[in-house]
Amino acid sequence: MPLALGTIIIRARSIPEGTAIWDADTVDVLNLELARARQRVKRAEISLNHAKKLLDEECGVGINLALCDRIRSEQQRVAEARKRLMKIASTASP
C-alpha cells in the first residue's frame with residue numbers, strides 16, 4: 001500500500017509500553033515534518049501580518065471588508081498550522 005506524502009511511520013518492536021525506539025529514518029521523517037510545520041506557521045503569520053498592514057491603508061469600504069474576511073481566514077490558517085505543529089511535536093517527543 002503506497003504511503004501518502006507526509007505520513008509518519010513508527011516501527012514498533014517488542015519493547016515495554018511507554019518506551020520509544022526511533023531508527024534514523026523515522027527521526028529524519030519527523031524532523032522533516034517538524035520543519036515543514038514550522039514553515040507553514042511562519043508563512044501563515046507573514047500572510048496575516050501583510051493583510052493587517054493592508055487594512056491600515058485607506059483603500060475604501062469594499063476593500064476593507066474583503067481584507068477583514070482575509071484576515072479572519074488567515075487567523076484560522078495560523079491556528080490550524082500551530083495545531084498541526086503541536087501534534088507533530090508531541091509525536092516526535094518520546
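Helices (H or I, at least four residues) and strands (E, at least two) are DSSP runs, numbered from the N terminus. By that definition, Asp69 and Arg72 both lie in helix α2, 3 residues apart, or about one turn of the helix.

This is a predicted model: local features need pLDDT of at least 70, side-chain atom pairs count only at pLDDT 80 or more, and totals for chains, interfaces and linings use all residues. Residues are numbered from 1 along each chain as its sequence is written, and side-chain values use heavy atoms, with hydrogens and water left out.

## Overall build

The protein has 2 helices and 0 strands. Of its 94 residues, 19% count as buried. Buried means under 20% relative accessible area, exposed over 50%, and partly exposed in between (1.4 Å probe, protein chains only). The protein exposes about 7100 Å². Carbon and sulfur atoms supply 57% of that area. Accessible areas come from the Shrake-Rupley method with a 1.4 Å probe; for residues, only the protein chains shown count as cover.

Contact means heavy atoms within 4.5 Å. Among contacts with a separation of 6 or more, 56% join residues 24 or more positions apart.

## Helix α2 and its cover

Helix α2 covers residues 61–92, 32 residues in total. From first C-alpha to last, α2 reaches 46 Å, close to the 46 Å expected at 1.5 Å a residue. The expected span is 1.5 Å times one less than the number of residues.

Which residues of α2 are buried? They are Leu67, Ile71, Glu74, Val78, Ala81, Leu85 and Ile88. Their cover includes α1 (24–56).

## Nonpolar cores

A nonpolar core is a set of buried Ala, Val, Leu, Ile, Met, Phe, Trp, Tyr and Cys residues joined through side-chain atoms within 4.5 Å. The largest has 6 residues: Leu34, Ala37, Val41, Ala81, Leu85 and Ile88. Helices α1 and α2 each supply at least two residues of this core. A second, separate core has 5 residues, including Ala44, Ala51, Ile71 and Val78.

Leu34 belongs to the largest core. Leaving out residues up to four places away in sequence, Leu34 touches Leu85, Ile88, Ala89 and Ala92.

## Salt bridges

A salt bridge is a side-chain nitrogen of Lys or Arg within 4 Å of a carboxyl oxygen of Asp or Glu. The count by this rule is 5.

| Pair | N to O distance |
|---|---|
| Glu33 and Arg36 | 3.2 Å |
| Asp69 and Arg72 | 3.9 Å |
| Glu74 and Arg77 | 3.0 Å |

Glu33 and Arg36 both sit in helix α1, 3 residues apart, about one turn of the helix. Glu33 is buried, at 4% relative accessibility. Arg36 is partly exposed, at 28%.

Arg72 counts as exposed, at 51%.

Glu74 and Arg77 also lie in α2, 3 residues apart, about one turn of the helix. Is Glu74 buried or exposed? Glu74 is buried, at 9% relative accessibility. Arg77 is partly exposed, with 34%. Elsewhere, salt bridges that share partners join Glu33, Arg36 and Arg84 into one network.

## Around Ser47

Ser47 lies in helix α1. Its relative accessibility is 15%, so Ser47 counts as buried. What does the Ser47 side chain meet in a polar contact? The partner is the side chain of Glu74, at 3.2 Å. A polar contact is a pair of N or O atoms within 3.5 Å; within protein, one must be able to donate a hydrogen and the other to accept it, and residues adjacent in sequence count only if both atoms are side-chain atoms.

Not counting residues up to four places away in sequence, Ser47 touches Arg70, Glu74 and Arg77. Ser47 and Arg77 are 30 residues apart along the chain, and their C-alpha atoms are separated by 9.7 Å. Glu74 therefore has two side-chain partners described here: Arg77 through a salt bridge, and Ser47, itself buried at 15%, through a polar contact.
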